[in-house]
Amino acid sequence: MTGAREHSAGKAKYYPDTIAAPISAWGHASVGLIRISGKSTTKILEKIFNPAGHKKINDIASHSVTYGRIHDGGEVVDEVLVFLMRSPRSYTREDVAEISSHGGPVIIKKIFQLILEHGSRAAEPGEFTKRAFLNGRIDLIQAESVAGIISARGERAAKIAAAQMGGKLSRKLDELRKLLITSAAELNAAIDFPEDDIPLSLAKIKKNISRAEEDSARLLDGYEAGRLFSEGVKIVIAGKPNVGKSSLINALSSSERAIVTAIPGTTRDIIRESVEIGGIPAELYDTAGLRKKPRGVIEKMGMDKTMDAINKADIIIFVFDASKKADEQDMNIVRILGPFRKKTIMAGNKIDLGKKALPKNMFSPVYISCLKGEGISGLKKRLARHLVSGSFISEDDALLTSARQADCLENCLSQIKEARGILSRRPAESVWLIEKALAELDKISGREFREEMINEIFSKFCIGK
Ligand SMILES: Nc1nc2c(ncn2[C@@H]2O[C@H](COP(=O)(O)OP(=O)(O)OP(=O)(O)O)[C@@H](O)[C@H]2O)c(=O)[nH]1
Ligand SMILES: [Mg+2]
């Protein structure tokens with residue numbers, strides 16, 4: 001493949017330059033961390049670090065912590081701990097030192113400056129992880145999950161990223177790869193030696209290809225769940241005016257985010273609030289109340305936005321006033337939400353004022369009182385159940401977590417499908433398609449990559465990772 005490079009797991013390849021960056025959060029903290037990686041790491045330490053007890057840098061054992069002082073031409077800058085990890089047993093597989101200093105921005109800046117003056121350059125975002133990848137310590141999936149762990153917006157998202165970092169998805173894709181390689185080899189053999197019992201071996205090859213097809217399809221199904229965990233679910237609160245939608249977003253987010261008044265039509269724009277439900281990150285959207293005849297152009301625009309939000313929602317909470325008989329307006333919304341029934345949860349609010357019987361097409365609601373805070377935890381439980389049930393997969397599975405991975409696997413799957421379709425009629429072409437499917441798989445793990453693709457992935461990382 002032109003322009004593509006082979007990614008071989010193996011020994012550290014030393015880059016000509018040494019890189020460094022503060023790797024702890026910027027600001028006043030009790031400790032700060034600065035990381036150096038590259039062949040000049042120990043040389044830089046020799047110039048700026050005095051280990052206690054006049055120890056030589058060369059005598060410091062790998063993976064040990066050394067106490068001492070950072071100095072600038074003899075003038076003490078700070079007391080620090082230096083953690084040295086010699087190549088290849090380090091994050092990047094190069095020599096790496098992490099200096100733990102006091103956490104003030106002035107100190108960190110000063111030490112970082114000294115490191116730059118003595119032979120390092122500032123690392124770009126994601127550059128340490130990029131070197132870990134290029135040196136074969138981790139594959140691209142694991143590199144992407146490093147970013148996933150850092151940006152995780154919920155406990156479950158972090159767990160999923162950690163599982164993929166541990167190689168769960170990589171192992172699954174490896175199985176798939178082996179299946180395809182064997183199929184292509186056996187198919188080639190069947191073409192080369194037609195006198196052998198072809199129908200029999202073709203049946204076996206077909207079976208393996210079908211399995212590869214099923215496996216990739218299952219992984220793709222899981223992508224949606226992975227996406228929800230990492231990006232968060234969209235929960236839209238809808239209902240007619242004045243039923244307590246804004247009160248509900250406030251109750252669910254324990255805030256006073258939305259304005260609540262007794263005047264119907266108070267909310268005219270969409271209000272968003274981030275929450276966590278059962279460990280899953282969620283965005284709550286409070287919307288303008290839906291009524292058949294909006295009063296004025298602003299309310300009409302608000303209602304259009306509400307409809308747009310309903311279309312894009314993962315879950316809709318339909319709020320109605322349980323203390324009053326359902327009226328024409330409620331029925332109208334039930335009709336509007338008809339196509340979205342599967343993703344709708346009904347919430348009957350204001351039960352502190354009583355509970356009226358429901359029409360047949362409004363079933364099994366959760367009853368709440370936003371005013372008294374009643375039933376809110378029950379509603380949260382129902383939401384969490386909805387999120388983790390059915391198509392939503394557990395975090396123990398191998399999950400695709402980036403659009404890039406899903407794109408490649410989708411291409412892979414369509415090649416496999418085509419290969420299976422023409423297997424008996426045009427076996428040679430089928431082998432070619434299987435090879436194309438394999439190339440797509442190798443893009444996911446980064447076994448094969450393009451420079452631009454790698455740069456794009458790592459540019460999204462934060463500095464110091
Ligand atoms: N008694 C009672 N009143 C409530 C309850 N929840 C909300 N209210 C009141 O109902 C009125 C409307 O509440 P909102 O939260 O503004 O209703 P909304 O659905 O956002 O209304 P719009 O933005 O106009 O569509 C306010 O006066 C609230 O105090 C409840 O559980 N019990
Ligand atoms: Mg409102």
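1. Two strands are taken to pair if DSSP finds at least two bridges between them. Helices (H or I, at least four residues) and strands (E, at least two) are DSSP runs, numbered from the N terminus. On these terms, Ser274 has Glu283 in β11 as its bridge partner. β10 and β11 run antiparallel and are joined by seven bridges. The two strands form a hairpin with two residues between them, and Gly278 in the turn has a positive phi of about 55°.

2. The model is predicted: local features need pLDDT of at least 70, side-chain atom pairs count only at pLDDT 80 or more, and totals for chains, interfaces and linings use all residues. Residues are numbered from 1 along each chain as its sequence is written, while chains are lettered from A and ligands numbered from 1 in the order in which they are written.

3. The chain is divided into domain 1 (11-139), domain 2 (171-227 + 402-445) and domain 3 (232-388); these bounds come from an automatic or database domain assignment. The centres of domain 1 and domain 2, taken over C-alpha atoms, are separated by 45 Å.

4. Strand β9 (residues 233-239) runs parallel to β11 (residues 280-286), and five bridges join them. Within that pair, Ile235 is partnered by Leu284 of β11.

5. Further along the order, strand β12 (residues 315-321) and β13 run parallel, with six bridges between them. Here the bridge partner of Ile316 is Thr344 in β13. Five of the six residues of strand β13 (residues 344-349) are buried, and the strand is mostly covered. A residue is buried if 20 or more other C-beta atoms lie within 10 Å of its own, exposed if 12 or fewer, and partly exposed in between, with C-beta atoms placed from the backbone.

6. Strand β7 has antiparallel partners. Seven bridges join it to strand β3 (residues 31-37), in an antiparallel arrangement, and five join it to β6, again antiparallel. Ala97 of β7 is the bridge partner of Ile36 and also of Leu84. Because five of its seven residues are buried, β7 is largely enclosed by the rest of the structure. In the loop between β6 (75-85) and β7 (96-102) lies Pro88, and the peptide bond from Ser87 to Pro88 is cis, with omega near 0°.

7. A nonpolar core is a set of buried Ala, Val, Leu, Ile, Met, Phe, Trp, Tyr and Cys residues joined through C-beta atoms within 7 Å. The largest such core has 71 residues, and those with the most contacts inside it are Ala20, Ile34, Ile111, Ile115, Ile434 and Ala437. It draws at least three residues from each of domain 1 (11-139) and domain 2 (171-227 + 402-445). A second, separate core of 37 residues includes Ile237, Ala251, Tyr285 and Ala309.

8. Contacts between residues require C-beta atoms, placed from the backbone, within 7 Å. Leaving aside residues up to four places away in sequence, Ile111 touches Ile34, Ile70, Val77, Asp78, Ile99 and Ser101. With the same exclusion, Gly119 touches Thr18, Ser40, Lys43 and Ile44. Gly119 lies in the loop between α2 (105-117) and β8 (120-122) and is partly exposed, with 17 other C-beta atoms within 10 Å. Gly119 and Lys43 are 76 residues apart in sequence and 8.4 Å apart in space, C-alpha to C-alpha.

9. Ligand 1 is surrounded by 23 residues, of which the closest are Gly244, Ser246, Thr267, Gly289 and Leu371; a residue is counted as near if its C-beta atom, placed from the backbone, lies within 6 Å of the molecule. The shell divides into eight nonpolar, twelve polar and three charged residues. In this division Ala, Val, Leu, Ile, Met, Phe, Trp, Tyr, Cys and Pro count as nonpolar, Asp, Glu, Lys and Arg as charged, and the others, Gly among them, as polar. Helix α8 (residues 245-253) gives the most to the shell, with three residues.

10. Asn242, in the loop between β9 and α8, has a phi near 70°, a positive value in a residue other than glycine. Ser254, in the loop between α8 and β10, has a positive phi of about 45° although it is not a glycine. Asn242 is partly exposed, with 19 other C-beta atoms within 10 Å, whereas Ser254 counts as exposed, with 11 C-beta neighbours inside 10 Å.

Conventions
Two residues are in contact if their C-beta atoms, placed from the backbone, lie within 7 Å.
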